[in-house]
Amino acid sequence: MAATKTFFRDHFVLLLLTVNVFLALFAVIFVLLRLSSSHGNGYIVQYRSSLGVSAFKTGSVLELISFSIFALLVLGINAVLSFKTYSINRNLSITVLCLGVLLTVLDIIVSNALLVLH
């Protein structure tokens with residue numbers, strides 16, 4: 001019980017949780033808005049440089065929505081892992097939250113790169 005009270009009173013942890021929530025919601029809204037603005041059905045979902053001329057692979061909308069699902073999964077798993085590890089070590093909990101920020105930012109960058117190619 002003491003770990004719960006200190007976890008939710010730690011300002012830096014709450015800041016990182018807020019950044020994680022903001023980035024995850026931004027990733028979800030960003031992908032959904034970009035998908036609704038384009039009215040095609042063939043989206044580029046993969047780039048394989050080793051294939052030469054046919055390096056781009058097309059796919060459906062569901063494969064691009066998986067970026068939104070991934071952002072929400074990263075948010076949930078990082079929040080739970082951070083809460084569980086806070087009682088063990090505060091720095092470990094902060095590291096987990098920082099890695100969540102990094103993963104979500106990379107999710108936004110990759111989804112944007114694929115949606116620009118459409």
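1. Helices here are DSSP runs of H or I with at least four residues, strands are runs of E with at least two, and both are numbered from the N terminus.

2. A word on where the values come from. This is a predicted model, in which local features need pLDDT of at least 70 and side-chain atom pairs count only at pLDDT 80 or more, while totals for chains, interfaces and linings use all residues. Residues are numbered from 1 along each chain as its sequence is written, and side-chain values use heavy atoms, with hydrogens and water left out.

3. Now the overall picture. Of the protein's 118 residues, 35% count as buried; buried means under 20% relative accessible area, exposed means over 50%, and partly exposed lies in between (1.4 Å probe, protein chains only). Among contacts in the protein with a separation of 6 or more, 66% join residues 24 or more positions apart, where contact means heavy atoms within 4.5 Å. The protein exposes about 7,300 Å², and carbon and sulfur atoms supply 72% of that area.

4. Have a look at helix 3 (residues 61–86) and helix 4 (residues 90–116). Their axes come within 8 Å and cross at roughly 175 degrees. That makes helix 3 roughly antiparallel to helix 4. The axes are lines fitted to C-alpha atoms, for helices over the stretch in contact, and angles run from 0 to 180 degrees between N-to-C directions. Angles under 35 degrees count as roughly parallel, over 145 as roughly antiparallel, 65 to 115 as roughly perpendicular and the rest as oblique.

5. What is the contact of helix 3 with helix 4 made of, by class? It has 14 nonpolar, 7 polar and 2 charged residues. Nonpolar covers Ala, Val, Leu, Ile, Met, Phe, Trp, Tyr, Cys and Pro; charged covers Asp, Glu, Lys and Arg; the others, Gly among them, are polar.

6. Asparagine 78, in helix 3, is buried, with a relative accessible area of 9%. Leaving aside neighbours within four places in sequence, asparagine 78 is in contact with Val96, Leu97 and Gly100. Valine 96 belongs to helix 4 and is buried at 14% relative accessible area; not counting residues up to four places away, valine 96 touches Asn78, Leu81 and Ser82. Serine 93, also placed in helix 4, is buried with a relative accessible area of 0%. By the same rule on sequence neighbours, serine 93 touches Phe7, Ser82, Thr85 and Tyr86.

7. Valine 96 and leucine 16 are 80 residues apart in sequence, and their C-alpha atoms are 9.8 Å apart in space.

8. Finally, the rings. The structure holds 6 aromatic pairs. Rings of Phe, Tyr and Trp (its six-membered ring) pair if their centres lie within 6.5 Å; planes under 30 degrees apart count as stacked, over 60 as edge-to-face and the rest as tilted. Phenylalanine 22 and phenylalanine 26 have ring centres 6.4 Å apart and planes at 20 degrees, so this pair is stacked. Both lie in helix 2 (residues 11–37), 4 residues apart, about one turn of the helix. Phenylalanine 22 is exposed at 56% relative accessible area, whereas phenylalanine 26 is partly exposed at 38%. Elsewhere, ring pairs link Phe7, Phe8, Phe83 and Tyr86 into a cluster.

Conventions:
Accessible areas come from the Shrake-Rupley method with a 1.4 Å probe; for residues, only the protein chains shown count as cover.
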